[in-house]
Amino acid sequence: EIAAAERFEKQLEQGQDQLKKLENGMASGDLYSWSINMIRDFKLSYRIDIPQFSQIDGPRDMNLIPRFPYKQASLSVAGTGHFHDLGRFVADFENRFPYMRILNVVLEPETANNSETSEKLSFKMDVVMLVKPGV
């Protein structure tokens, strides 16, 4: 164990560096504007429209893991898009932001009678995010 101390210290430093990088991407400051700007910027490369944002809920204590050092916040978003575009958006979003999750996705056919949008779906989903400590 003593011989492996240097290796453990190096792994600890690498883990701390990785954690700092992740924390730099977490929600901070004005959570509502941070969330809206982040989602709008991310969706630019996808063919979906997200015009509706609810008020942010939080930050509040994380209820999944006891004594977890981060708080959580959430907001609901709604919009329209084709099924495959929406699926790609959700998958890429969760892969890009490991500290955020999309939950409670509700899909319905879009109600417009326009033939161009007949294959589009209306969606509503909750975005739950970890909040940087100290916010």
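Helices (H or I, at least four residues) and strands (E, at least two) are DSSP runs, numbered from the N terminus. Residues are numbered from 1 along each chain as its sequence is written, and side-chain values use heavy atoms, leaving out hydrogens and water. This is a predicted model: local features need pLDDT of at least 70, side-chain atom pairs count only at pLDDT 80 or more, and totals for chains, interfaces and linings use all residues.

**Stop 1: confidence**

Color by pLDDT, the predictor's confidence in each residue, from 0 to 100. The mean for the protein chain is 82, and 90% of its residues reach 70 or more. Strand 2 (residues 57–61) has the lowest confidence, at a mean of 77. Helix 3 has the highest, at 89.

**Stop 2: helix 3**

Select residues 83–96. Helix 3 has 14 residues there. From first C-alpha to last, helix 3 reaches 20 Å, close to the 20 Å expected at 1.5 Å a residue (the expected span is 1.5 Å times one less than the number of residues).

Which residues of helix 3 are buried? Pick Asp85, Leu86, Phe89 and Phe93. Buried means under 20% relative accessible area, exposed over 50%, and partly exposed in between (1.4 Å probe, protein chains only). These four cover an arc of only 95 degrees around the axis, which puts them on the same side of helix 3. The arc is that of the directions from the helix axis to the C-beta atoms. Now turn to the face away from the buried side: Phe83, His84 and Asn95 are exposed there.

**Stop 3: the salt bridge**

Select arginine 47 and aspartate 85. They form a salt bridge, with their closest N and O atoms 3.5 Å apart. The term means a side-chain nitrogen of Lys or Arg within 4 Å of a carboxyl oxygen of Asp or Glu. The structure holds one. Arginine 47 lies in the loop between helix 2 and strand 1 and aspartate 85 in helix 3, so the pair ties together parts 38 residues apart in sequence. Arginine 47 is exposed, at 61% relative accessible area; aspartate 85 is buried, at 8%.

**Stop 4: strand 3**

Select residues 71–81. Ten of the eleven residues of strand 3 are buried. Pairing takes at least two DSSP bridges between the strands. Stay on alanine 78: glutamine 52 stands opposite, and so does lysine 124 in strand 5.

**Stop 5: asparagine 104**

Finish in strand 4, where asparagine 104 lies. Its phi is near 55 degrees, a positive value in a residue other than glycine. Most residues other than glycine have a negative phi. At 55% relative accessibility, asparagine 104 counts as exposed.
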